[in-house]
Amino acid sequence: MLGLPLPQSKGAFVKLYTTETSGNAYKVRLLLSMLNVPYERVMIDARSGEHKKEPYLKINPRGQVPALEEGGRIWWGSTACLIYVGRKHGGDTWLPADPAGIAEVAQWLEVAQNELHYGLQWARGVKTGIRKVGNYEEYRGYGNAGLALLEGRLGKNPWLALGRPTLADVACYAYVSVAPEGGFVLQDYPAVMAWMKRFEALPGWIKRL
């Protein structure tokens, strides 16, 4: 069964568990805003390690954010949350139902969770002092490989998948938008920069913080 059962909560229809700075949770906040879905934002104190303790581990046993609750059930992880919100509240617009369309979007969700996360986000973590372990140059390599993939696609297409904004763009935008904080030079990727401007002009776009 997908999700963890929870008693029905009163108040907001959707509840999003997040921290102040989570980029993965920002992905879900972006989509909720773009789809004009009202939600309650539940802040988890990462500094005190609240995400690694009970009762939050009953919400997400991985001890991470985001997690999303709706209708008495919980989904955790940004990819799962994006898929659920996109299909439930956006229909075919942000994630189509046909196998080829799903796969075209999903391949960019893979990039978001691999080259962009392990590259852009972890390099940024080293630069800002959030991440205390790991090899910065290795992270830069991953990040630049991810940006090159985006550049190659966006040099010939306005959006990452299906010729329109989809979950692919939401998932990849979050960490690209703060890539300079990790030492990446986005001016080297003009198609990526143009895509970011198009994305930020979409109705419902919100800043990260």
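Before the views, a word on the model. This is a predicted model, where local features need pLDDT of at least 70, side-chain atom pairs count only at pLDDT 80 or more, and totals for chains, interfaces and linings use all residues. Residues are numbered from 1 along each chain as its sequence is written, and side-chain values use heavy atoms, with hydrogens and water left out.

**View A. Glutamate 104 and arginine 153 form a salt bridge (a side-chain nitrogen of Lys or Arg within 4 Å of a carboxyl oxygen of Asp or Glu).** Their closest N and O atoms are 3.4 Å apart. The pair links distant parts of the chain, 49 residues apart: glutamate 104 sits in helix 4 (residues 99-128) and arginine 153 in helix 5 (residues 136-154).

**View B. Glutamate 181 pairs with arginine 124 in a salt bridge.** Here the closest N and O atoms are 2.7 Å apart. Arginine 124 counts as buried at 11% relative accessibility, while glutamate 181 is partly exposed at 41%.

**View C. Lysine 58 meets glutamate 54 in a salt bridge.** The N to O distance is 3.1 Å, and lysine 58 is exposed, with a relative accessible area of 59%.

**View D. Asparagine 60 is buried, at 1% relative accessibility.** Its side chain reaches the backbone nitrogen of arginine 62 at 2.9 Å. A polar atom of that side chain also lies 2.8 Å from the backbone oxygen of glutamine 64.

Technical notes
Buried < 20%, exposed > 50% of the residue type's maximum accessible area, 1.4 Å probe, protein only. Polar contact = N/O pair within 3.5 Å; in protein donor to acceptor, adjacent residues only side chain to side chain. Helix = DSSP H or I, 4+ residues; strand = E, 2+ residues; numbered from the N terminus.
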